[in-house]
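Keep the structure open while you read.

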Amino acid sequence: MAIEILENPIEMVKAWLVEAKSSEISDFNAAALSTLSIKGKPQVRMVLIKSFNDDGATFFTNLESQKGKALLYNNFASICFHWKSLKKQIRVEGEVSLISDDLADKYFETRSRPSQIGAWASSQSKKLESQQTLIDKVKSIEEKFKDIAVRRPSFWSGFCLFPNLIEFWNEGNSRLHERVEYIRSGKKWNRSLLYP
Ligand SMILES: Cc1cc2nc3c(=O)[nH]c(=O)nc-3n(C[C@H](O)[C@H](O)[C@H](O)COP(=O)(O)O)c2cc1C
C-alpha cells in the first residue's frame, strides 16, 4: 500500500506507531539509536521510544552508560524504527536534550519496582565481574528500599531527540520502494520523494 502522505511528519510517525503496536509481536516502539563516541566513532544499540510528539522522541537510560556519555558529549543522534510485520522503516535525525528531573521522576514512578531496583543495580556499560555480582547488588538495593518507595537515581534519566529530518520508507514491489523525506525549516517541513 502506498504511503499516506501528511503535511506533518510527526503525525505520520504517530500513525505508523499505532499501526506497529497492533501488528508487532513485541516492542513495537523499539528503535536503533545511533550516537558518536567521544572519539567520533559511530555506535548503535536498541532503545524503547516511550513517547513521540512535537517535542521529539523520548527514551530513558543510564546517563553514565556508553550512550549516556556519548550524548552528553555530542548531542547529535539518530534513531531508526523497523517493523518486519509492516515492511516499513522510519529514520529520524536530530539533537537530543536531557528531559527535566520532574518528567524523569514522573516516568520512573510508572516503572515496575523490579525495573526501578534494576536502574539502581546496573552500572550500565561498565565491566561486570560475574552475573552473581549483579544479583547480589539487586538484593542489597531491595534491602535499602525495603518498605519504602524507590526514588529515581540521579544517574538515570531521559533524553528527547528533537527531529530535524524524518524519512519514511515503505517496501514496494520489485524493489520500487517508496521514500519520503521531511526536513525541518523553521516551523515548516519541506518534503521530497527520494529514489529508493
Ligand atoms: C528491544 C530493546 C530495547 C532496549 N531498550 C533500552 C532502553 O530503552 N534504554 C536502555 O538504556 N537500554 C535499552 N536496551 C539495551 C541497550 O540496547 C543497550 O544494550 C544498553 O542500553 C547499553 O548500551 P550502551 O552501552 O551503548 O549505553 C534495549 C535493548 C533491546 C534489545
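**From a hairpin outward**

Start with a hairpin: β3 and β4 form it, with two residues between them. This is a predicted model. Strand β3 covers residues 51-53 and runs antiparallel to β4, joined to it by three bridges. Look at N53 here. Its opposite number in β4 is G56.

Now follow β4 itself, residues 56-62. The strand is mostly covered, with six of its seven residues buried. A residue counts as buried here if 20 or more other C-beta atoms lie within 10 Å of its own. β4 also pairs with strand β7, residues 156-170. That pairing is antiparallel too, and it extends over six bridges. Within it, T61 has S157 of β7 as its bridge partner. In a regular strand, side chains alternate between the two faces of the sheet.

T61 leads on to the ligand. Which residues are the closest to the ligand? They are T61, S65, Q66, K67 and S125, from a shell of 15 residues. β2 supplies the largest share, five residues. By class, the shell holds six nonpolar, six polar and three charged residues.

Step back to the whole chain. How many helices and strands does the protein have? There are five helices and nine strands. Read from the N terminus, the order is α-β-β-β-β-α-β-β-α-α-α-β-β-β. Along the principal axes, the C-alpha atoms fill a box of roughly 55 × 35 × 30 Å. The protein has 196 residues, and 23% of them count as buried. Take the contacts between residues at least 6 apart in sequence. Of these, 57% join residues at least 24 apart.

Turn next to a pair of helices. Two packed helices are described by the angle between their axes and the distance between the axes. Helix α4 spans residues 113-121, and helix α5 spans residues 131-144. Their axes come within 9 Å and cross at roughly 115°. The crossing of α4 past α5 is right-handed. From α4, the residues that meet α5 are I117, W120 and A121. On the α5 side stand L134, K137, V138, I141 and E142. By class, this contact has six nonpolar residues, two charged and no polar ones.

Two loop residues deserve a look at their backbone. Most residues other than glycine have a negative phi. D147 is not a glycine, yet its phi is positive, about 65°. It sits in the loop between α5 and β7. Is D147 buried or exposed? D147 counts as exposed because it has 4 C-beta neighbours inside 10 Å, and the cut-off for exposed is 12 or fewer.

S174 gives a second case. It too has a positive phi, about 50°, although it is not a glycine. Its place is the loop between β7 and β8 (178-185). S174 has 5 C-beta neighbours inside 10 Å, and therefore counts as exposed.

Definitions and conventions:
Residues are numbered from 1 along each chain as its sequence is written. This is a predicted model: local features need pLDDT of at least 70, side-chain atom pairs count only at pLDDT 80 or more; totals for chains, interfaces and linings use all residues. A residue is near a molecule or strand if its C-beta atom, placed from the backbone, lies within 6 Å of it. Helices (H or I, at least four residues) and strands (E, at least two) are DSSP runs, numbered from the N terminus. Ala, Val, Leu, Ile, Met, Phe, Trp, Tyr, Cys and Pro count as nonpolar, Asp, Glu, Lys and Arg as charged, and the others, Gly among them, as polar. Two residues are in contact if their C-beta atoms, placed from the backbone, lie within 7 Å. Two strands pair if DSSP finds at least two bridges between them. Axes are lines fitted to C-alpha atoms, for helices over the stretch in contact, and angles run from 0 to 180 degrees between N-to-C directions. A crossing is left-handed if the near helix is turned anticlockwise from the far one by less than a right angle, and right-handed if clockwise.
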